[in-house]
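Thanks, everyone, for making the time this morning.

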Amino acid sequence: MSKAPYAGSTVLVTGATEGIGRACALQLADVRAKLVLGARNTERLEQIASECRELGAQVLTQPTDVSREADCQRLVEAGIAEFGGLDTLVCNAGSTMWARFDQLESLDVFPHLLQVNLMGAVNCIRHALPALRASGGRLVAVASAAGMTGVPERTAYAASKHALVGFMDSLRIELRDRGVSVTVAAPDFVLTETHRRAIGADGKALGTSPMQEGKLLTASRCAEMILADTWARKRLCLTSSRTRLGLLLKPFLPALLDRIAAKAIEQRR
C-alpha cells in the first residue's frame, strides 16, 4: 500500500488484537495513522498498541465487546475525544463456527454470531456515523465470501455475514449523498486465529484449526487489500478469484456454485 493513504487520519479498528484487525493496525501504524483500537482482551490490546507506537503511530485503546452497544459507544466517543474526529471505521471483529446444522447440540450459536458479526458492526456504526459524515469518511465491514453464498458447516456464520452484507448495502444507498463511502470486504479463507476458536457442534471452541493453514491467504495480505479498496472507496473488496467466479456463476449456474462451495470446504480439511 502507498505511504500516502491514511497518513495522519484517524482510523478505528475493532477486533484489533489478532488476524485481519491486527494486520490492519500495523499497516496503518506504519503510515502514521492515528489509531483507535478496540478488542476484548486488554493484555493483547496493549501489546498491539505498543507495537503500533514503536512504528510511530499515536494510539488509543479501549477494551470493547462489540456485542454490547455501550462498549461500542465508549470506544467511538473515546477516539473522537482523543483525536478530534474520525475518518475511517474498520468493523472487523467477528466470530465463526464449524459444524453441520444437524449435528448442533444447541441453536445458541445463531444468536451469538448474529450479535457479534452483525450487531457488532451495527453498534459501532450507529455511534460513529455522525463523525464520519462530518469528515466525509470511509466505512468498511469485514464480512466474508460466506456472506455472498452458502457454505456447508457454517450455517450460522453464513447467515450472520449475509445479514451484514445486506445491512451495509442498504446503508450505502442511504448514505449516497452524505459523503461517506461504504465498503464490504468479502475475504475467502484467511490464516487467522479465529479458526481455532470456531464454535463446534457441542457449543465449545474447537481448539485446533480445521483448515490446512499453509494454503490460506495471510492476514497481512488480506488487510492490505481491504485497506487499499477502502481508501479507493470501492463498494466491494474480494480477495480471491474463486469468490469472483462464484458471484458470476450464482445467477446462472447455482448448482455448480454449490458444488464449488462444498469442494472448497472438503479441500481445506
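Let me begin with Ala185, which is buried because its relative accessible area is 0%, where buried means under 20% relative accessible area, exposed means over 50% and partly exposed lies in between, using a 1.4 Å probe and protein chains only. Before I go on, this is a predicted model, in which local features need pLDDT of at least 70 and side-chain atom pairs count only at pLDDT 80 or more, while totals for chains, interfaces and linings use all residues. Residues are numbered from 1 along each chain as its sequence is written, and side-chain values use heavy atoms, with hydrogens and water left out.

Ala185 is found in strand β6, and here strands are DSSP runs of E with at least two residues, helices are runs of H or I with at least four, and both are numbered from the N terminus. Leaving aside neighbours within four places in sequence, Ala185 is in contact, meaning heavy atoms within 4.5 Å, with Val140, Ala141, Val142, Ala143, Ser144, Ile226 and Cys237. Gly85, by comparison, is 100 residues from Ala185 in sequence and 24 Å from it in space, C-alpha to C-alpha.

Staying with strand β6, which covers residues 181–186, we also find Ser181 there, and Ser181 counts as buried because its relative accessibility is 9%. Which residues does Ser181 touch, not counting those up to four places away in sequence? They are Gly137, Arg138, Leu139, Thr230 and Arg233. Of these, Thr230 sits in helix α6, residues 219–231, and at 1% relative accessibility Thr230 is buried as well.

Now to helix packing. Two packed helices are described by the angle between their axes and the distance between the axes. For helix α4, residues 109–135, and helix α5, residues 155–174, the axes come within 8 Å and cross at roughly 25°; the axes are lines fitted to C-alpha atoms, for helices over the stretch in contact, and the angles run from 0 to 180 degrees between N-to-C directions. The two helices are therefore roughly parallel to each other, given that angles under 35 degrees count as roughly parallel, over 145 as roughly antiparallel, 65 to 115 as roughly perpendicular and the rest as oblique. Residues making this contact include Leu113, Leu114 and Leu118 of α4, with Leu164, Phe167 and Leu171 among those of α5.

Turning to helix α7, residues 241–249, Thr243, Gly246 and Leu249 are buried. Seen down the axis of α7, these buried residues fall within an arc of 125°, so they line one face of the helix, the arc being that of the directions from the helix axis to the C-beta atoms. Ser241 and Leu248, on the other side of α7, are exposed.

Last, the backbone. Most residues other than glycine have a negative phi. Arg32, although not a glycine, has a positive phi of about 65°, and it lies in the loop between α1 (19–30) and β2 (34–39). Phi of Glu153 is also positive, near 70°, and Glu153 is placed in the loop between β5 (138–142) and α5. Arg32 counts as partly exposed at 46% relative accessibility, and Glu153 counts as partly exposed at 21%.
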